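Please consider the following model and the questions on its packing and open space.

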Amino acid sequence: MPRPVNPDRPREVLDAVIGHLAHTGIGQFTLRGIAAALGQSTRVLTHHFADKRELLIAVMRRLDEQQHHALRTTEGWEDPAVPVSAVVRSAWERNLDEAELPMTRLIREIEGLAAARRLPSAVPDFVRGRAEFVASCLTLRGVPERTALITATMLNATFAGLQADYLTTGDAERARGALDELCNWLDAAVEARARM
């Protein structure tokens with residue numbers, strides 16, 4: 001009798017793949033290399049994901065889910081009385097915490113490879129989806145939808161750029177100063193755009 005199908009198994013495999021990629025990077029990965037690192041055969045991967053491209057797309061979707069969950073559970077995310085800057089600062093601290101740093105590096109690597117057109121076409125959804133999600137936090141604070149999407153795009157791009165700068169240079173003081181400026185701009189922009 002065949003084993004019963006475990007509906008959580010694809011997500012478990014995907015989380016294991018993401019955990020591995022967070023420590024090795026995504027640029028040169030192969031199905032065979034991932035399977036070996038996980039102590040599995042490539043058939044385990046291809047049973048759930050048809051090929052490398054499908055696995056990469058699934059990785060990006062799962063990372064999106066994880067990022068959205070982390071933001072949604074950040075104190076103040078759904079409370080319009082909490083300035084967005086407080087959420088941004090919490091996200092900054094969480095992303096650069098020693099335990100989360102490998103995942104933050106993986107996300108920055110994905111964005112860089114996507115910009116170089118070295119990843120599948122689903123990456124624009126990865127970036128745009130994040131902007132739409134962050135925009136939802138801004139609309140809760142009274143920012144009109146279209147303006148919220150543009151503001152979220154600026155916020156995300158600047159936030160990612162500051163993280164990349166910090167991860168590249170290690171200059172925490174300068175990055176933190178720039179983050180403070182970003183937060184000041186953001187709070188003023190949200191207040192002004194909510195009154196439009």
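On a 1 Å grid over the protein atoms alone, a pocket is an open set of points where a 1.4 Å probe fits, with protein on both sides within 12 Å along at least five of seven lines, and lining residues have an atom within 4 Å of a point. The model is predicted, with local features needing pLDDT of at least 70 and side-chain atom pairs pLDDT 80 or more, while totals for linings use all residues. Residues are numbered from 1 along each chain, and side-chain values use heavy atoms, without hydrogens and water.

Q: What volume lies in the largest pocket?
A: A volume is the space filled by probe spheres set on the grid points, joined across faces, edges and corners. For the largest pocket this space is about 470 Å³.

Q: Which helix supplies the largest share of the lining of the largest pocket?
A: Helices are DSSP runs (H or I, at least four residues), numbered from the N terminus. α4, α5 (84-96), α6, α7 (123-139) and α8 (145-169) each supply at least two lining residues. The largest share, 6 residues, comes from α5.

Q: How are α4 and α6 oriented to each other?
A: The axes (lines fitted to C-alpha atoms over the stretch in contact, with angles from 0 to 180 degrees between N-to-C directions) of α4 (residues 52-72) and α6 (residues 101-115) come within 12 Å and cross at roughly 130°. Angles under 35 degrees count as roughly parallel, over 145 as roughly antiparallel, 65 to 115 as roughly perpendicular and the rest as oblique. α4 and α6 are therefore oblique.

Q: Which residues of α6 make the contact with α4?
A: Contact means heavy atoms within 4.5 Å. On the α4 side, the contact is made by Met60, Leu63, Gln66 and Gln67. On the α6 side, the residues are Met103, Leu106, Ile107 and Ile110.
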